[in-house]
Amino acid sequence: MSNNRTQKNTLKYLMNEVISEKRMSQRFNANTIKFTTLDESAINSLLESDIFTVNEAIAVRILFGKTKTKSLTESIIKKLDKSVKTIVESVEGDVILSEGFFGDIWDGLKGLGDKAKEALSGGWSKVKSIWGEFTELVTEVASACKDGLTKAFGSFADKAKGASAKVTDAAKDLGNKITDKNAFAKEVKELNDSVTYITKTFFDKWIAKPTWEKDMIAGSVAPSEDVKVDPAKAEDGLEDLKTMESVNKVKLNLIKERNKLFSNSNVIKELLRSSDARAFLMEGGGFAHLEGSIKNPFLKGVVEWSIKILQAIFIPLAKVAQIVAAFVGKELLKKFSEAVKLMGGPGIFAFVVIGGLLSEVIEIAVKSATPSGPAIVAMFIPGLAPLIASAKTLITVVKAILTVYTVATIFINVVPVLQKSGGAAPATESYNSRGEFKIKDGNLLYIK
C-alpha cells in the first residue's frame, strides 16, 4: 500500500485540515487566528459555514454525535489517529487473539511449566489434570457443537415436513381399509406418544438443552479415543500463547482501547468506509475464539479432545444405528419403535395395522429425507467441521438419531390425519418420561 493510500486510511487524513492551525488559518485567510481547542459549539458553527469537505463533515458529525468526544485538540486527534492505524494494520487473527479470553488461558498455563508442554501429547490422564485451565474454550466448543446439531436437526425437520405430504395424502384415503378401528386407534395413540417423545423430550435433553454440555466442560467422561498431538507443534502453540503476553501491547488491548475511545463500533467503520482494511474491523462470529483456537496447535489439541469426549457421550446410542439400518418394509415402524425405546421413550410397539396399510409410502418418505454424513458436518462452523468429520462414530450415531427424529417429524403431521381416518383414540394416559439419562462405565442408562 502506498504512503498516500495509508494516509487515506486514517482519521487524521479526514481531519488534519480541521485541526491543523496552518490549514485552518489558510482557509479563513486570516493568519492572525490561533487556537488549540475546538469544542462542540465551535465545530457546529464551522459545519454550518460549509468550511469542511464532505468527508470531514461526516467524520466530525460522527465523532461528536456517537462518541463521548466533547472537544478536539491536537493530542486527541493523535490518539484517535493512532487507534485507527492500529486497527487498520492489525490482522483479523490479532484482533481475535488479543482478547482477554486467550490471555486468561495463558495466565493459567504459565505456572504449570513442563506439565503444560507434556499434557496434550501425554494421554487423557495428563490432559485431564489441566482440563480446568480450558473451561472457557471447552464451553465454546460445547456451544458450537450444540449449535451445529441444532442446525442439523432443524434442517432435516424441514425436509421431513415436506416428505410427510405423501404420507398424509395416503392416510386420508384409508377410510374403509381399516377393519379394526380400536386396534388402529390404539396404534395411533402409541405412535403419537413415540413421535412426541422424540421431537420434544429427547430433542430437549440431547440437542436444545443438552445435559452432555456439563460433562464435556468438566471432562467427567473419558474420551472415546486418544488424540494424536505432535509434541513439537503443541509446544510451538504454547509458545505463541506466551509470546502474546508481551508482544505489541497496543494490539493486545485493541478491543479494550477501541471500546474506551468509541461507544459505537460503527463509528470506526464509517470513518474507514473507503479503506481496503475495513474488514478487519468486523466483529468475529459467535465462535470467534474457537476459530482462533483451532489455528493454534496447542489449543487445537484441546478442541480435539473435547470432540472425542462428545463422541464418547454419544457412543451408548450407537445401537440405534444398527436398528435404523433395518428401516425397510412393513417392519419400518416397529424398528422405529425399537429405536425410540432404546433412546429412552415408550414401546416397543409392533404397529401391525398402520405398518401394513402405509408401509410403502412411509419407506419412500423416509428415504427422501434421510440425512447424510456430509450434510450433517456442513452444519458446523467451518473450522470445527473437519474435526467433527474425523469423529466417525459420532457422525454415525448422529446420523442414526437424526433418522429417527426425521421419521418422528414426518408423523407429527400425519397423526392428526390418522386420528380422523380411524375415529377418536381411546382415552389413555399419554406417555411421560419419568427418568433421566446417566452415563456409567461407558454405558447409557435410563434411570427411573
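Let me start with the largest nonpolar core of this predicted model, which takes in 105 residues, and in which Phe314, Leu384 and Phe411 touch the most other members. The helix that gives the most to this core is α25, spanning residues 392–422, with 17 residues.

Phe314 lies in helix α19, and because its relative accessible area is 1%, under the 20% cut-off, Phe314 counts as buried. Which residues does Phe314 touch, once those up to four places away in sequence are not counted? The list is Leu149, Trp206, Trp212, Leu394, Val397, Val398 and Ile401. As for Trp206, that residue is 108 residues away from Phe314 in sequence, while the two C-alpha atoms are 9.4 Å apart in space.

Moving on to Ile315, we are now in the loop between α19, residues 297–314, and α20, residues 319–324. Is Ile315 buried, exposed or partly exposed? Its relative accessibility is 33%, and since that value falls between the 20% and 50% cut-offs, Ile315 counts as partly exposed. Leaving aside neighbours within four places in sequence, Ile315 is in contact with Ser224 and Thr393. From C-alpha to C-alpha, Ile315 and Val397 are 7.0 Å apart in space, although 82 residues separate them in sequence. Thr396, which has its place in helix α25, is 81 residues from Ile315 in sequence and 9.4 Å from Ile315 in space, again C-alpha to C-alpha. Thr396, too, counts as partly exposed, at 43% relative accessibility.

Let me turn next to helix α11, which covers residues 135–172. This helix has 38 residues and reaches 53 Å from its first C-alpha to its last, which is close to the 56 Å expected at 1.5 Å a residue, and at Ala165 there is a bend of about 30°. Two packed helices are described by the angle between their axes and the distance between the axes. For α11 and α12, the latter being residues 181–208, the axes come within 10 Å and cross at roughly 145°. On the α11 side the contact involves Lys146, Leu149, Thr150 and Phe153, and these meet Phe203, Ile207 and Ala208 in α12. The residues of this contact divide into 5 nonpolar, 1 polar and 1 charged.

The peptide bond from Gly347 to Ile348 is cis, with omega near 15°, and Ile348 has its place in the loop between α21, residues 332–342, and α22, residues 352–369. Phe351 lies in the loop between α21 and α22 as well, and its phi is near 50°, a positive value in a residue other than glycine. Phe351 is buried, with a relative accessible area of 1%.

Finally, the chain as a whole: there are 25 helices and 4 strands, and of the 448 residues, 46% count as buried. If we consider contacts between residues at least 6 apart in sequence, 79% of them join residues at least 24 apart.

Note on methods. Residues are numbered from 1 along each chain as its sequence is written. This is a predicted model: local features need pLDDT of at least 70, side-chain atom pairs count only at pLDDT 80 or more; totals for chains, interfaces and linings use all residues. Side-chain values use heavy atoms; hydrogens and water are left out. Axes are lines fitted to C-alpha atoms, for helices over the stretch in contact, and angles run from 0 to 180 degrees between N-to-C directions. Helices (H or I, at least four residues) and strands (E, at least two) are DSSP runs, numbered from the N terminus. Contact means heavy atoms within 4.5 Å. Ala, Val, Leu, Ile, Met, Phe, Trp, Tyr, Cys and Pro count as nonpolar, Asp, Glu, Lys and Arg as charged, and the others, Gly among them, as polar. A nonpolar core is a set of buried Ala, Val, Leu, Ile, Met, Phe, Trp, Tyr and Cys residues joined through side-chain atoms within 4.5 Å. Buried means under 20% relative accessible area, exposed over 50%, partly exposed in between (1.4 Å probe, protein chains only). The expected span of a helix is 1.5 Å times one less than its number of residues. The bend at a residue is the angle between axes fitted to the seven residues ending there and the seven starting there.
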